[in-house]
Amino acid sequence: MVQLSIWWLTVFLWSLKSVLCQQFQPPKVWENVELRRLVDVEHVYTIESLELTIKNVDNHANSEYFLALPKITFDQLSVFSVQLKDKQVFLDSGFIEQTTLLEDGSEVAYGRIQFPTPIEPNEDVAFNVNMSYNMGGVPYPKRIALADEQHLLLSTTRYPLSAYETKQGTTEFFGSEDFQEFHAPRGYELEKREPGLVGIWDNIRALDKGPELQILYSHNLPMKQVVNLQRDVWVSHWAGTIQFEEYYELLNRGAQLSKGFSRLEHMVDQQNMRLSHYCGVLEMNLPEDSSEHYFTDKVGMVTTSRIFGDNIYLKPRYPIFGGWKYNFTVGWTNPLTNFLRVGEGSSDSYIISVPLLNGPEDTVYDNVNLSLYLPEGAKVETIESATPSTKTEVTTQKSYLDLNNGHVKVTLNFKNLIDQVGTGELLIKYTYDHESAYKKPLNIAVYIFAALMGFFFLQSINLSVSG
Amino acid sequence: MTATGKSTSAKNTKTPVLTESGSLIKWVQTILTLGIFLAIFGAAVSSRLFSVIRFESIIHEFDPWFNFRATKYLVTHSFLEFLNWFDDRTWYPLGRVTGGTLYPGLMTTSGAVWHLLRRIGLPVDIRNVCVMFAPAFSGITALATYHFTKEIKDSGAGLLAAAFMAIVPGYISRSVAGSYDNEAIAITLLMVTFMFWIKAQKTGSILHATLTALFYFYMVSAWGGYVFITNLIPLHVFILILMGRYDAKLYSSYTTWYAIGTLASMQIPFVGFLPIRSNDHMAALGVFGLLQLVAFGHFVKTKVSSDKFRVVMIVSLALILIVGVAALFALTYFGFIAPWTGRFYSLWDTNYAKIHIPIIASVSEHQPVAWPAFFFDTHFLIWLFPAGVFLLFLELKNEHVFVIVYSVLCSYFAGVMVRLMLTLTPVICVAAAVALSKVFDVYLDFSHTMKDKKVNVSNLVSRLLVSSTFIFYLVLFVLHCVWVNKMAYSSPSVVLPSTTYDGRTILIDDFREAYYWLRLNTKEDAKIASWWDYGYQIGGMADRTTLVDNNTWNNTHIALVGKAMASPEEKSYEILKQLDADYVLVIFGGLLGFSGDDVNKFLWMVRISEGIWPDEINERDYFSASGEYRVDAMASQTMKECLMYKMSYQGYPELFGGKGIDKVRGQTLLPDDVLPLDYFEEVFTSENWLVRLYQLKKEDSEGRSLKDVGDYERSTSKLNKKKNFKKPDLDLRV
């Protein structure tokens with residue numbers, strides 16, 4: 001009997017523990033006066049902005065607001081920023097680890113927004129949240145014919161999700177020419193209004209999602225997803241150059257072809273000269289003054305690339321239809337002076353800044369591995385990245401004529417990037433003195449000298465056999 | 001650069017004057033020689049780089065792709081794993097004992113180079129090592145040719161021969177950058193082995209004979225053509241014995257070479273016990289035995305009177321000949337010695353292969369050579385060559401006999417098979433260099449014209465005339481070589497150069513387009529059925545399993561694929577299903593005018609499969625009623641129904657709005673000529689229709705035959721089918 005009661009107690013405590021851990025409930029100190037959720041589906045990723053006006057309904061001042069996000073969205077988040085309305089002030093924001101498990105089995109994660117000054121009771125404050133995530137509509141139907149138009153199906157919450165009660169909530173979709181709601185429940189339909197679909201609701205309870213919302217919209221563009229990007233940047237002080245080499249593993253996650261690819265149909269379709277759901281050309285914007293471009297893949301050079309100004313147009317070996325993959329490498333060289341400046345104080349100290357990405361537009365990146373190779377003997381001091389990296393490490397890598405430790409390699413890993421964060425920069429401060437700069441050529445000279453001397457001595461051995 | 005190299009070398013052949021300034025002259029000579037060698041090396045390498053500059057650093061043609069793939073395997077695995085490599089990605093479902101059926105010399109050498117470069121801080125990509133392999137070794141070949149010719153005549157002739165060897169098109173044809181084939185290293189080893197052999201038989205030095213044997217071993221590990229050395233050296237010795245030139249030097253050098261060389265060559269897994277079992281190697285063994293007898297005879301000769309010795313000799317020679325030949329026949333009959341291979345027979349009877357082994361005859365490089373090719377490949381060396389051989393006849397030292405034997409044998413072989421032109425080229429260079437240097441020895445020596453402070457005008461003019469004529473020929477030769485190398489031998493054949501209507505050069509890259517599509521967009525274990533020509537490329541570039549490839553070790557398996565291509569699709573589908581194939585790849589050149597496509601090779605597929613299944617496949621059925629090979633409306637029903645035809649032309653007439661012009665065969669097809677394809681589905685066609693890929697359809701879920709499904713679909717869609725296609729724009733590139 002005692003044993004049984006202990007057992008029951010343990011089970012109770014265990015469930016309590018998991019409830020306590022899982023079920024995070026933000027204190028009910030706020031109320032959303034207005035919450036507008038604007039969803040832009042123009043790209044392969046989703047851009048979402050929330051315009052909030054909130055009121056403190058507590059009886060003392062508060063400065064912490066919890067922003068609810070579906071966990072699946074939270075896991076694919078690539079950009080997240082909070083800004084006071086009408087003011088160019090970014091608010092301090094972060095994420096908390098706790099989540100809430102809803103009745104339908106889905107999880108809600110939270111962002112924490114910190115106001116610079118506490119908000120007094122009954123006082124309003126308006127702010128905007130901008131975020132993008134590596135998620136969006138999925139092709140519907142999954143398989144289409146070559147000449148068909150591609151449609152995507154986006155499943156999301158009907159009401160704007162919030163941890164607090166909302167007086168007036170709006171959900172709005174735009175970014176496509178043709179929207180329609182899929183299996184709309186009666187009484188909850190969104191209405192068509194330029195530029196897209198809008199739904200307005202009053203008095204939404206906290207964490208109420210409303211009936212599931214599915215939106216079908218046309219998106220007749222390739223859905224470029226870079227599964228892996230290996231971006232190598234080689235810094236050479238001797239040559240005064242910075243070399244970029246990028247290896248892409250590209251996938252079009254759009255609708256697949258309903259039957260095999262027919263070149264005949266494709267040639268007929270190409271005559272229409274319209275945008276389509278396959279990827280025929282990739283356009284990349286390179287830093288200014290780039291030279292020595294190359295475009296290769298695992299079977300050699302691809303000759304179909306053109307350079308116009310700072311843009312390079314890559315035509316893959318074959319048009320990339322839905323579900324097709326294409327791996328390629330693209331590289332170019334820039335003068336180092338555009339990226340490097342001498343640090344303050346000593347002349348041996350340098351600051352280098354490189355953009356995070358130079359890839360094609362309208363693209364998502366699942367995994368990005370950015371490696372910056374500094375000259376042999378450089379010492380890294382600080383590393384700063386515009387977008388937080390999941391992992392940062394400093395190692396060495398041997399390259400041509402690295403006879404000592406090898407190039408200093410700074411590696412940063414990112415997840416779920418989108419092309420729009422590419423303009424953000426990676427800043428690295430390092431020192432590289434003259435001694436290490438001259439050490440390398442000296443080393444090479446010594447080795448060559450030793451080899452020649454060795455050859456000379458071997459030559460002087462008499463191997464003649466004739467007596 | 002080369003022109004100066006050669007003319008300098010000619011002036012440099014004067015014997016040094018032994019005065020006080022002798023040491024100075026020697027110094028100048030050394031510097032000049034070194035400079036000439038550097039120039040030759042530079043010329044050898046740079047004239048092979050056209051393909052890299054005009055195209056890219058890429059592996060060429062077909063066989064090199066296998067060698068490249070094997071090299072990659074070697075550098076990613078251990079050496080023992082490489083030797084035990086069982087490749088389950090070729091010859092599906094049989095697989096290939098690759099480690100035991102290849103000559104590892106090429107791969108191990110480039111693997112060693114790769115490791116060495118990494119050691120000294122140059123982590124070069126293995127592909128670049130493989131691409132630059134042949135040019136680098138051609139420089140060494142030139143060096144070996146120099147030393148070889150130096151032994152034949154003198155260093156002046158040596159320098160000429162080295163310069164010829166460096167740029168002669170006959171050798172460049174198989175050693176341009178990217179031509180990563182066994183021949184790339186084999187010719188180098190051939191010349192090094194011969195060079196040491198000449199030194200060995202001249203001096204009788206065991207060291208040189210051992211070096212000959214070691215390089216022979218290296219050669220065995222690198223190329224099947226080592227049999228040429230195995231027979232040439234014994235033949236040389238045999239002829240010397242017949243000429244009565246036997247001496248102890250010959251004995252020690254040959255026996256050392258044979259003993260060490262044979263034992264060493266047996267260490268190569270692919271060769272194994274061949275040196276004592278195959279007829280190709282029996283001559284070497286026979287001469288080895290003969291040499292023992294001759295040595296014994298010499299010993300006896302010193303002990304007995306010459307009259308008695310003659311009797312003894314005649315009797316014993318007859319006896320040995322009878323016993324030897326009888327033993328050879330008996331051993332062959334009882335199967336202890338393997339009979340000669342088909343390739344060997346085809347060397348003597350040019351029609352042998354055509355009748356008995358179509359697969360050997362189907363290879364273009366096994367065709368007899370066209371006479372203009374000799375001039376094309378060697379230019380003016382070809383007429384200097386007999387002159388050189390004649391000059392050697394006049395002197396006829398032991399080593400000259402070697403060159404003569406070599407040139408006679410190889411001239412014959414080169415006439416039989418195109419690819420053996422390669423082994424003839426070195427001896428052409430050597431003999432021509434001997435002839436030319438003899439001319440220069442006489443006519444570039446102006447010391448007599450200035451005798452007694454009086455200029456002998458007629459003498460001077462004749463000398464100037466002759467020497468300037470030959471220098472003019474040399475310049476022409478260089479121009480010809482550069483032109484041939486650029487135009488004929490520098491195309492990777494994976495990429496085809498072409499010009500657009502507005503004059504721009506573009507590259508037609510359809511092969512890689514399709515292979516890369518296969519690599520990235522099919523399952524990793526997908527099996528590709530194609531004619532064997534493309535097996536190595538699919539393995540190397542598409543990284544997919546193939547049914548047959550260029551190794552051609554199993555004729556039946558190839559015939560089975562040929563049968564699938566030549567049968568109506570129901571039958572092909574069955575065969576390919578049994579072979580577990582997923583995709584079928586055909587090459588179609590009709591749109592581009594690429595004549596090396598599968599429709600042109602198709603008759604070989606028919607012939608090869610007819611050889612195995614004469615009841616089912618009959619070559620005659622594929623010709624039109626009037627006996628022509630046609631693909632248009634006049635094509636025979638068998639032709640129109642076979643898989644190869646359907647796959648090649650599927651959808652092609654519609655591309656031109658109903659009148660498809662096949663640019664290779666110059667015939668016009670109508671949509672009704674091309675029967676529908678029910679068992680296969682087009683999954684990819686490259687930009688210029690060069691490569692077409694089809695997938696085997698899944699069997700119908702309702703149990704109908706796929707033909708019934710196709711018929712049903714056609715009957716339902718016939719009503720709303722649009723007949724008139726728009727003609728697409730045929731300017732295909734951006």
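pLDDT is the predictor's confidence in each residue, from 0 to 100.

**Entry 1: confidence.** I noted that this is a predicted model, where local features need pLDDT of at least 70, side-chain atom pairs count only at pLDDT 80 or more, and totals for chains, interfaces and linings use all residues. Residues are numbered from 1 along each chain as its sequence is written, and chains are lettered from A and ligands numbered from 1 in the order in which they are written. For chain A I found an average pLDDT of 89, with 95% of the residues scoring at least 70. Helices and strands here are DSSP runs numbered from the N terminus (helices are H or I, at least four residues; strands are E, at least two). Within chain A, helix α1 (residues 2-22) has the lowest confidence, a mean of 57, and strand β17 (residues 241-252) has the highest, 96.

**Entry 2: domains of chain A.** Domain bounds come from an automatic or database domain assignment. I read domain 1 of chain A as 26-218 and domain 2 as 224-442. Their C-alpha centres lie 33 Å apart. I then looked up contacts (C-beta atoms, placed from the backbone, within 7 Å). In chain A, 18 residues of domain 1 are in contact with 22 residues of domain 2. On the domain 1 side, β4 (77-84) and β9 (143-144) of chain A give two or more residues each, and β4(A) gives the most, three residues.

**Entry 3: chain A against chain B.** I found 31 residues of chain A and 34 residues of chain B in the contact. On the chain A side, α3 (263-270), β21 (300-301) and β24 (325-335) each supply at least two residues.

**Entry 4: chain B.** I listed 33 helices and nine strands in chain B. Chain B is as compact as a globular protein of its length, because its radius of gyration is 30 Å, close to the 27 Å that the globule rule gives for 734 residues. That radius is taken over C-alpha atoms, and the rule is 2.2 Å times the number of residues to the power 0.38. The C-alpha trace of chain B spans about 105 × 65 × 60 Å along its principal axes. The assignment for chain B gives domain 1 (205-338) and domain 2 (506-717), and 52 Å separate their centres, taken over C-alpha atoms.

Notes. Two residues are in contact if their C-beta atoms, placed from the backbone, lie within 7 Å.
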